[in-house]
Amino acid sequence: MDIAGRLGAKIVQRRWDDEATHLNWAATHIDFGRPWVLHFDADERMTPELWTEMTSRTAAATDSAAFEMRRKDMFMGTWIRHSSFYPCWFARLYQPPKIRWERVINPVTIVDGPIGRLDGHFFHYPFSKGTGGWFARHIKYAEGEAAELLKSDLQPIQWNKLLSGGQDRRRELKRLFYRMPARPMIKFLVLYLLRRGFLDGRAGYHYARMQSVYEYMIHLRVLEEKRRAAGQPV
């Protein structure tokens, strides 16, 4: 933030509640001064190729309300292409009046208008603060995912959206996956064998193991909340 201020950026701060509410507030309350906004997290990095493509696509006439792009997740100096569910598409370049977010954790984007797609990638460094930082974040994520899981117990799966390639597919896959038994083991097998995470080498193996642990954290949080709601000791 200090660097951005020295470079002349306008800095807006707000008390944190959850990511979706934070993003929705920003889209509706901040005067960006430009029609297009690019949203990156602190552990994500632009590439020259993506920048060139973004500037040319937004400068030209377009009916798109947002553009989706793919990211490359990095771990142990390696692009974990297979064990990270690549390609996942993220609507990170958008016109603020035409977008909103849902879910308190890992929010999904709802775009009011056509969505274009970019060929370029951006880089994601989720382990920039080490594996300890990754686990600390995912303990918090597990609480949010457990809350979302408990809310979605009665929501039916929209099977037609499983065939789409965007955020709708990701959301319905989560709902389907949450209904499966032995989810931690399934997640490891899917990432390491079905998604061929073994091709990512040692990084792919460890990443698949950590993702299975994360799934187990979510499972334990759900059990804890259900026992608490039933008046049972946790």
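We start with the whole chain and then move to single residues.

**Before you click**

This is a predicted model, so local features are given where pLDDT is at least 70 and side-chain atom pairs where it is 80 or more, while totals for chains, interfaces and linings use all residues. Numbering runs from 1 along each chain as its sequence is written, and side-chain values use heavy atoms, with hydrogens and water left out.

**Whole protein**

The accessible area comes to about 13,800 Å², and carbon and sulfur atoms account for 57% of it. These areas come from the Shrake-Rupley method with a 1.4 Å probe; for residues, only the protein chains shown count as cover. Of the 234 residues, 39% are buried. Here buried means under 20% relative accessible area, exposed means over 50%, and partly exposed is in between (1.4 Å probe, protein chains only).

Colour by charge next: there are 37 positive and 26 negative side chains, and the centres of the two sets lie 3 Å apart. Lys and Arg count as positive, Asp and Glu as negative, and His and the chain ends are not counted. Each charge is placed at NZ of Lys, CZ of Arg, CG of Asp or CD of Glu.

One more overall number: among contacts between residues at least 6 apart in sequence, 70% join residues at least 24 apart. A contact means heavy atoms within 4.5 Å.

**Stop 1: Q95**

Select Q95, in the loop between strand 5 (89-94) and strand 6 (99-102). Which backbone oxygen does the side chain of Q95 reach? Zoom in and you'll see that of S64, at 3.0 Å. Leaving out residues up to four places away in sequence, Q95 touches P35, W36, S64 and A65. Q95 counts as buried because its relative accessibility is 17%.

**Stop 2: E68**

Move on to strand 3 (residues 66-75) and pick E68. Its relative accessible area is 6%, so E68 is buried. Show side chains here: E68 makes a polar contact with the side chain of R117 at 3.0 Å. A polar contact is a pair of N or O atoms within 3.5 Å; within protein, one must be able to donate a hydrogen and the other to accept it, and residues adjacent in sequence count only if both atoms are side-chain atoms.

**Stop 3**

Go to P87, in the loop between strand 4 (78-79) and strand 5. The peptide bond joining Y86 and P87 is cis, with omega about 0 degrees.

Then select I105 and N106 together. Both sit in the loop between strand 6 and strand 7 (108-111). Is I105 buried or exposed? At 11% relative accessibility, I105 counts as buried, whereas N106, at 23%, counts as partly exposed. N106 has a positive phi, near 45 degrees, in a residue other than glycine. Around I105, setting aside residues up to four places away in sequence, look for Y141, G144, E145 and E148, which I105 touches.

R196 also has a positive phi, near 60 degrees. Find R196 in the loop between helix 6 (183-194) and helix 7; it is partly exposed at 44%.

**Stop 4**

Y125 is in the loop between strand 8 (115-124) and helix 4 (130-151). Skip its neighbours within four places in sequence, and Y125 is in contact with D43, R45 and M74. Draw a C-alpha distance from Y125 to V111: they are 14 residues apart in sequence and 26 Å apart in space.

Finish on helix 7 (residues 201-229), where you'll find K226. K226 counts as partly exposed, at 46% relative accessibility.

How values were computed. Helix = DSSP H or I, 4+ residues; strand = E, 2+ residues; numbered from the N terminus.
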